[in-house]
Amino acid sequence: MKLATWNVNSLGARLPRVLEFLAEHAPDVVLLQETKCDDTAFPSDELVAAGYDEVHHGAGRWAGVAILARRGLGLGDAVAGLPGERRAEEARWIEATVAGMRVASAYVTNGREVGSEWFAEKLTFLDALAARAAAERGSPFVVAGDFNVAREDRDVYDPAAFAGATHVTPEERTRLERVLSEGGLVDAYRHVHPEETQFTWWDYRQGHFHRGMGLRIDYILLGEPLVEGLGECGIARDYRKGQKPSDHAPLVAEVGGV
């Protein structure tokens with residue numbers, strides 16, 4: 001089973017690249033974030049033509065999350081919204097059952113500025129996510145997406161450049177670690193690559209991608225029953241290149257059957 005997560009930063013702008021990714025990598029399940037479209041504008045016909053069923057939770061111009069599943073795997077019991085989040089209208093969480101797994105696409109709020117109301121909302125969202133993960137502990141649960149938190153300093157190109165900023169504070173990191181510990185989840189990329197430093201996001205400005213100035217803030221987190229079957233997990237960096245790329249690259253993992 002091949003799983004992928006990708007913050008596409010506007011599905012309308014990135015649809016050709018998404019279809020290219022589906023054709024090249026043939027993932028079984030894809031978790032999308034920042035679709036930036038409402039449900040009526042979601043490109044269902046194009047995705048169906050590519051061989052995928054879909055569920056989407058949209059909020060118009062901002063946020064938006066989706067799950068794609070290869071036709072025949074089954075995609076059901078969809079639930080939009082995370083219990084305990086402060087702004088459900090922002091469409092940052094959707095979950096469904098696919099091939100015996102409960103899978104969730106998460107787009108954690110940026111937080112903007114430490115100490116702001118948006119930062120407090122980010123911490124609340126991560127707390128709610130930890131509670132949701134704890135409820136699935138021991139099951140074949142997958143939560144993947146853009147968490148807007150770099151777990152460690154090695155997940156940041158220059159920790160000093162982020163001193164006092166969001167994404168790296170002890171408050172954020174502690175809560176992300178609670179998501180893993182309380183849910184019994186494993187960071188798929190770090191499990192497969194315990195020593196490597198790679199990134200999933202690069203600012204569009206000043207050639208940050210080509211200069212290696214990125215962050216690892218996108219994750220595939222796996223429940224215990226899926227870890228034993230975890231094979232390769234990698235970052236599809238080529239999809240950060242080319243015409244009109246997202247500022248994130250897809251993350252892809254292979255797991256054994258449920």
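Predicted model: local features only at pLDDT ≥ 70, side-chain atom pairs only at ≥ 80, totals over all residues.
**Notebook: strands, salt bridges and a cavity**

I looked up the two strands next. Strand β8 covers residues 141-146, and strand β12 covers residues 218-223. They run antiparallel, and five bridges join them.

Then I asked in what order the strands of the open sheet lie. I read off β5-β6-β7-β8-β12-β9, six strands with mixed pairing. I found β5 (76-80) and β9 (185-187) at the edges, where each pairs on one side only. From one strand to the next, the twist averages 20°.

**Entry on salt bridges**

How many salt bridges does a search of the whole structure find? I wrote down 24. I kept a general idea in mind: side chains of opposite charge can pair when their charged atoms come close.

I took E20 and R17 as my opening case. Their closest N and O atoms are 3.2 Å apart, and they form a salt bridge. Why are they about one helical turn from each other? I saw that both sit in helix α1 (residues 11-25), and they are separated by about one turn because they are three residues apart.

Is E20 buried or partly exposed? I noted a relative accessible area of 39%, so E20 is partly exposed. R17 has 13% relative accessibility, so R17 counts as buried. The cut-off for buried is under 20%.

I turned to E95 and R102. Their side chains meet in a salt bridge, 2.9 Å from N to O. I checked burial here too: both residues are buried.

R132 and E136 came next. They form a salt bridge whose closest N and O atoms are 2.8 Å apart. R132 has 15% relative accessibility and counts as buried. E136, at 18%, also counts as buried.

I also traced a network of salt bridges. It links R151, E152, R154, D155, E177, D187, R190 and R216.

**Entry on the cavity**

The whole structure has one cavity of 30 Å³ or more. I recorded about 70 Å³ of space in the largest cavity.

Which residues line the largest cavity? I listed E85, R86, R87, E90, R92, T109, E121 and F125. I sorted this lining by class: six charged residues, one polar and one nonpolar.

Definitions and conventions
Residues numbered from 1 in each chain as written. Heavy atoms only, no water. Salt bridge = Lys/Arg side-chain N within 4 Å of Asp/Glu carboxyl O. Helix = DSSP H or I, 4+ residues; strand = E, 2+ residues; numbered from the N terminus. Buried < 20%, exposed > 50% of the residue type's maximum accessible area, 1.4 Å probe, protein only. 1 Å grid on protein atoms, 1.4 Å probe; cavity = no way out; pocket = protein on both sides within 12 Å on 5 of 7 lines; lining within 4 Å. Points joined across faces, edges and corners; volume = space filled by probe spheres on them. Nonpolar A, V, L, I, M, F, W, Y, C, P; charged D, E, K, R; others polar. Pairing = 2+ DSSP bridges. Axes fitted to C-alpha atoms, helices over the stretch in contact; angles between N-to-C directions.
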